Amino acid sequence: PEMAVQRQVAEVIAAQLTPDGVVVKSLEWALQNNGHIMELTRMRGLGSLFSMLNECTRRVINYNNQHSDFPLSLESIESYTQKFLIYALLWSFTGDAKLSVRNEL
């Protein structure tokens with residue numbers, strides 16, 4: 001069941017990793033806006049993003065393990081993953097930026 005959850009989360013995220021997807025567009029935007037306290041690099045931003053997305057997967061798996069009688073449906077996993085992706089993009093790419101820059105993203 002854990003591999004199935006990982007695949008489901010990966011499918012939702014993969015749709016946003018295309019060259020014209022939200023991940024690439026957000027990263028390019030964050031790299032062009034200089035409101036960061038620390039210099040943002042592609043590697044640091046993407047490393048933070050993937051670390052947070054791993055946490056998303058762990059949370060779904062933990063929930064399903066703790067609620068084996070009613071695990072999350074595919075629709076619920078998709079919805080949660082999409083919302084978590086937005087949260088992860090915000091903090092991965094602009095977490096060290098001023099509030100006004102985070103609001104723009």
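The structure is a predicted model, in which local features need pLDDT of at least 70 and side-chain atom pairs count only at pLDDT 80 or more, while totals for chains, interfaces and linings use all residues. Residues are numbered from 1 along each chain as its sequence is written, and side-chain values rest on heavy atoms, with hydrogens and water left out.

Three salt bridges were found, a salt bridge being a side-chain nitrogen of Lys or Arg within 4 Å of a carboxyl oxygen of Asp or Glu. One of them pairs Arg42 with Glu28, with 2.7 Å between the closest N and O atoms. Because Arg42 belongs to helix α3 (residues 42–66) and Glu28 to helix α2 (residues 22–32), this pair ties together parts that are 14 residues apart in sequence. Helices here are DSSP runs (H or I, at least four residues), numbered from the N terminus. Both ends of the pair are partly exposed, Arg42 at 42% relative accessibility and Glu28 at 27%; the term covers values between buried (under 20% relative accessible area) and exposed (over 50%), using a 1.4 Å probe and protein chains only.

Glu55 deserves a visit of its own. Its salt bridge with Arg58 has closest N and O atoms 3.0 Å apart, and the one with Arg59 has them 3.1 Å apart. Along helix α3, Arg58 is three residues from Glu55, about one helical turn; Arg59 is four residues from Glu55, again about one helical turn. Through shared partners, Glu55, Arg58 and Arg59 are joined into one network. Each member is partly exposed: Glu55 at 27%, Arg58 at 43% and Arg59 at 42%.

Helix α3 also packs against helix α1 (residues 2–14), at an angle of about 140 degrees and with the axes 10 Å apart. Axes are lines fitted to C-alpha atoms, for helices over the stretch in contact, and angles run from 0 to 180 degrees between N-to-C directions. The pair therefore counts as oblique, the class left after roughly parallel (under 35 degrees), roughly antiparallel (over 145) and roughly perpendicular (65 to 115). On the α1 side, the contact (heavy atoms within 4.5 Å) is made by Glu2, Val5, Gln6, Val9 and Ile13. Helix α3 contributes Leu53, Thr57, Val60, Ile61, Asn64 and Asn65.

Key:
Helices (H or I, at least four residues) and strands (E, at least two) are DSSP runs, numbered from the N terminus.
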